[in-house]
Amino acid sequence: MRVLTVIAHPNRASFNYAILERFEIGLRAAGHEVRRRDLHAPLFDPLLSGDELADLQRGEVAPAVREEQALLEWAEALVFVYPLWWLDRPAVLKGWCDRVFTHGFAFAYDENGVRGLLPHRKGLVLITAGGSEEEMELMGADSASILFPMVGGSLRFCGVEEVTGRVFHAVGSISDEARAELLDEVEEMGEAF
Ligand SMILES: Cc1cc2nc3c(=O)[nH]c(=O)nc-3n(C[C@H](O)[C@H](O)[C@H](O)COP(=O)(O)O)c2cc1C
């Protein structure tokens, strides 16, 4: 499959990057073709401005957005890797969704209501969190609710039916050994994707 990976982390030495790289190693080992969109290189401008919103309402899409949409058109499957920031996506990824999943490209309305237009066969969302599973659940944030904005709100809404996700908790406080095991598991997930 042609798989587009999207990473939203400002630091290449981050654990998120390690996750991305090991997942991609697994994908390639399984024979998938991989393209990566690092939203920090080149930095995607996440701000949907008033002018752009008005243009969108006239059906005009900005050239920078068209480039991102062309990547989506190339892909048969989508993988997102990012850290949990304020219980949601980093702003650069949220803004990428705001600007790139446009009406007429990613979804449309008809007499039956909203209809997703993205044709991708599957999607995967990998999120790292600083908090432990117990801490997060005490706050009312179980893994399903942490995944929901990207998995349900964006990808399923836009028509990607087979979307799964994983939250890796407490990544900053687990042992080096546990991190290494987690990365091995991520590579296996890439191979099995
Ligand atoms: C701006 C910001 C917001 C954060 N918000 C949360 C949060 O809501 N919940 C949480 O568990 N961790 C939160 N964290 C911690 C990050 O999720 C954690 O540092 C990251 O997943 C570790 O991965 P990395 O080493 O690749 O950055 C936040 C970190 C930053 C910088």
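**Sheet and ligand site at a glance**

Strand S1 (residues 2–7) pairs with S2 in the parallel sense over six bridges; two strands count as paired if DSSP finds at least two bridges between them. Strands here are DSSP runs (E, at least two residues) and helices likewise (H or I, at least four), numbered from the N terminus. This is a predicted model, in which local features need pLDDT of at least 70, side-chain atom pairs count only at pLDDT 80 or more, and totals for chains, interfaces and linings use all residues. Residues are numbered from 1 along each chain as its sequence is written, and side-chain values use heavy atoms, with hydrogens and water left out.

**The sheet**
- Five strands form an open sheet in the order S2-S1-S3-S6-S7, with parallel pairing.
- S2 (33–38) and S7 (163–168) are the edge strands, each with a single partner, so one side of each has no neighbour in the sheet.

**The ligand site**
- For polar contacts (pairs of N or O atoms within 3.5 Å), look to tryptophan 86, where a backbone N or O atom lies 2.8 Å from a ligand nitrogen.
- Leucine 87 places a backbone N or O atom 2.9 Å from a ligand oxygen.
- Threonine 128 has a polar side-chain atom 2.6 Å from an oxygen atom of the ligand.

Terms used: A polar contact is a pair of N or O atoms within 3.5 Å; within protein, one must be able to donate a hydrogen and the other to accept it, and residues adjacent in sequence count only if both atoms are side-chain atoms.
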